[in-house]
Structure formats: C-alpha cells, structure tokens
Amino acid sequence: MNKFFLVILFFSLLNFQLSAQNLLPINIAHRGASGYLPEHTLAAKALAYGQGADYIEQDIVLTADDIPIIIHDIHLDTVTDVARKFPERKRKDGRFYALDFTLAEIKTLQVNERIDLKTGLPVFPKRFPLYKSEFRISTLAEELEMIQGLNKSTGKDIGIYPEIKEPEWHRKEGHDISKIVLFILNEFGYKTKEDKCYLQCFDAKELKRIRAELKSELALVQLLEEDTDLNEVAKYADGIGPSIKQIITEIKPDGKPVISDMVKLAHQKDLVVHPYTFRVDSLPFSLDSDKLLNVLFKKIKIDGIFSDFPDVTAKFLKKKFKK
Ligand code: CA
C-alpha cells in the first residue's frame with residue numbers, strides 16, 4: 001500500500017468516526033418512559049430501555065447527606081408523599097426540599113405521578129393512576145447500575161443523559177452538586193466524549209465551570225429557555241437543548257410550520273440539537289405526533305429528542321431512518 005492511500009484511508013476512517021456519533025438521530029427517554037409510569041422511577045427507566053430509547057435521562061439533586069438522587073425538582077412534594085410523612089419538615093415557603101432530608105428518610109417516601117400542588121390533581125390525567133403500586137426514589141448510582149446491568153444482559157449500549165439541577169442554589173446551600181455528580185459519573189466510567197453520556201444543565205456559568213475548572217471532558221449540552229448566543233455556547237458545549245417552540249415558533253393556518261434559524265446556526269457551529277419535550281398527550285401545536293416528528297427530524301434535521309413516549313419516537317425513527 002502506498003503512503004497516499006494510507007493517508008486517504010486514515011482520513012476517511014477519522015471522518016467516519018467523527019460523523020458516526022451523529023449519523024442517526026437519538027431517542028432520549030425524558031425522565032424514563034414517563035408517559036406510562038411515574039417519572040424517574042427505576043420502573044420508568046426499565047420500560048424506556050425496553051421501548052428502544054438510545055439514551056435515558058437523569059435529573060439530579062442532592063440529599064442532606066450529599067447523595068445525588070434522581071428527581072426532577074429540588075422539591076419532593078409534587079411526586080412523593082413527603083407532606084403526609086414529614087408534615088413538620090417544610091420550609092417557610094411551604095415546600096419540602098430534598099436537601100433537608102437524608103437519603104434514609106427519602107427512601108421511606110412513596111413516589112407517585114406528578115400532581116399539581118394547588119389542586120392535588122395529576123398534571124397528566126391520562127397517565128399512570130395516582131397513588132397506585134409501589135415506587136421509590138433512586139440514587140444516581142442505583143440507576144447507573146441498572147442501566148449498565150441492562151447493557152450487560154442485553155448486549156446493547158444505551159447511554160445516559162444526566163442533568164445537574166440548580167447548581168447555584170445547591171452551592172448557596174453549601175453543596176457542590178457538580179463536583180459530586182462528576183465524581184460518580186467518573187466512577188461508572190463516563191469520562192470523555194467517547195463514553196455514551198451527555199451532561200446537561202440550564203446554568204451556562206456552571207457548564208463553563210464544569211469544562212474549565214472541573215476539567216470534565218464529557219459531551220456537554222446547554223439547555224436553553226431563551227435565545228442565547230450560540231457562538232458563546234460553542235466555546236464550551238457540544239450541543240443545545242432548546243424547547244420545541246424555540247425551533248417551530250408557530251403553525252400557520254394552512255398547516256405550514258414557521259421555523260427559526262436556531263438549528264441551522266447550531267449545526268454551523270457543530271452543536272447537536274436535542275429539543276424537549278415530545279409528549280403525545282400534550283402536543284405543542286395542532287400537528288399530530290407523526291407530523292410533528294416528521295417536521296422536526298426530516299425537515300429541520302434535529303439530532304435527537306427528549307420524549308416522554310420513547311416507544312412512539314423509536315417507532316418513528318425505525319420507519320424513517322431504518323434504525
Ligand atoms: Ca431534565
């Protein structure tokens with residue numbers, strides 16, 4: 001083989017490797033298969049795994065004894081029976097904070113479908129019935145053990161998608177959540193961009209800190225609530241997580257979507273785009289779920305989506321991308 005040929009081969013392999021990660025869009029189970037089972041329970045995660053998710057999401061907050069647990073809010077009261085079990089432990093604002101409870105205490109709580117605190121009614125009425133069956137809050141380590149265990153028993157390689165929740169608030173309360181989470185991810189082998197892990201956060205300052213000060217080499221995703229300078233984001237992150245409505249801003253009366261230039265700009269900066277959240281029982285527009293996914297994946301070319309219904313997303317991706 002001559003040298004020239006070897007150089008060509010090297011670059012084509014390199015190029016293949018670089019593009020392989022983003023070749024097919026990914027199906028991210030949002031809080032597990034939360035459309036079917038109470039969010040963030042191990043049951044919801046196992047179902048998501050079985051339904052064909054490529055990545056499974058973990059929202060992370062700390063307990064009083066600095067154990068990262070998997071729950072969406074810093075509060076316990078919208079998804080557990082904490083108010084009944086520990087009525088005297090609420091703060092002045094009437095809320096119950098995970099950070100005020102030890103892991104042992106949190107493990108005594110029963111997890112339920114998310115309720116609206118004002119009405120006591122479920123946020124998604126068609127989902128799993130309130131106060132039925134038996135679910136507990138799990139730690140980050142327990143969930144990673146289960147996903148890695150399933151990877152071993154099935155031979156698949158499903159990724160994780162942890163989110164650090166409210167790092168600034170945690171720090172004000174005297175807890176460095178990012179440091180603790182990075183330590184555990186590292187223990188479980190998630191260290192670089194080659195490992196199947198996207199670490200996400202809404203707090204741009206914290207993501208920069210994770211990259212620069214805490215020296216993480218993981219793939220980082222900047223979650224977005226409002227329009228942000230993507231040139232700035234591209235300096236420290238590998239992707240963005242906007243809401244669907246930041247990408248499709250409206251649907252015209254004739255059914256045509258109005259599309260922002262966010263995905264185009266992100267792709268110019270080599271940022272992957274994983275919008276939130278696809279819910280068949282709460283669609284953002286009058287489009288049906290198949291049409292919405294079609295516009296997002298085929299027309300706008302997003303790289304993945306956070307979905308409460310990973311089975312629906314998996315079926316769509318299988319049909320359209322032969323996944
Ligand atoms: Ca999240």
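Predicted model: local features only at pLDDT ≥ 70, side-chain atom pairs only at ≥ 80, totals over all residues.
**Stop 1: the whole chain**

Begin by displaying the entire protein as a cartoon. Its secondary structure consists of 13 helices and 11 strands. The radius of gyration is 20 Å, close to the 20 Å that the globule rule gives for 323 residues, so the protein is as compact as a globular protein of that length. Along the principal axes, the C-alpha atoms fill a box of roughly 75 × 50 × 40 Å.

**Stop 2: the surface and the charges**

**Stop 3: the interior**

Hide the surface and look inside. Of the 323 residues, 50% are buried. In soluble globular proteins, nonpolar side chains tend to be buried together.

Which residues have the most contacts inside the largest nonpolar core? Select Leu76, Ile240, Ile247, Ile248 and Leu296 to see them, within a core of 80 residues. Keep Ile248 selected and display its surroundings. Leaving aside neighbours within four places in sequence, Ile248 is in contact with Pro257, Val258, Phe285, Leu292, Val295, Leu296 and Ile300. Another core, of 10 residues, lies apart from the largest one, and among its members are Ile26, Tyr55, Tyr161 and Val272.

**Stop 4: Val272**

Select Val272, one of the residues of that 10-residue core. Val272 is found in strand E10, which covers residues 272–273. Is Val272 buried or exposed? Its relative accessibility is 7%, so Val272 counts as buried, the limit being under 20%. Val221 and Val272 are 51 residues apart along the chain, and their C-alpha atoms are separated by 8.4 Å.

**Stop 5: the loop between H2 and E2**

Move to the loop between helix H2 (42–50) and strand E2 (55–62), where Gln51 has its place. Gln51 is buried, with a relative accessible area of 17%. Not counting residues up to four places away in sequence, Gln51 touches Ala33, Tyr36, Pro310, Asp311 and Ala314.

Then select Gly52, which lies in the loop between H2 and E2. Gly52 has a relative accessible area of 25% and is partly exposed. Once neighbours within four places in sequence are left aside, the contacts of Gly52 are Asn27 and Ala314. Draw a distance from the C-alpha atom of Gly52 to that of Ile305: the separation is 13 Å, although the two residues are 253 residues apart along the chain.

**Stop 6: features of the backbone**

Most residues other than glycine have a negative phi, and most peptide bonds are trans.

- Select His40, in the loop between strand E1 (26–29) and H2. Its phi is near 65 degrees, a positive value in a residue other than glycine. At 3% relative accessibility, His40 counts as buried.
- Select Lys301, in the loop between H12 and strand E11 (304–307). Lys301 has a positive phi of about 65 degrees, although it is not a glycine.
- Select Tyr276 and Thr277. The peptide bond from Tyr276 to Thr277 is cis, with omega near -15 degrees. Thr277 lies in the loop between strand E10 (272–273) and helix H12 (289–299).

**Stop 7: Lys208**

Finish in helix H8 (residues 204–212), where Lys208 has its place. With a relative accessible area of 35%, Lys208 is partly exposed.

How values were computed:
Residues numbered from 1 in each chain as written. Heavy atoms only, no water. Helix = DSSP H or I, 4+ residues; strand = E, 2+ residues; numbered from the N terminus. Rg over C-alpha atoms; globule rule 2.2 N^0.38 Å. Buried < 20%, exposed > 50% of the residue type's maximum accessible area, 1.4 Å probe, protein only. Core = buried A, V, L, I, M, F, W, Y, C linked by side-chain atoms within 4.5 Å. Contact = heavy atoms within 4.5 Å.
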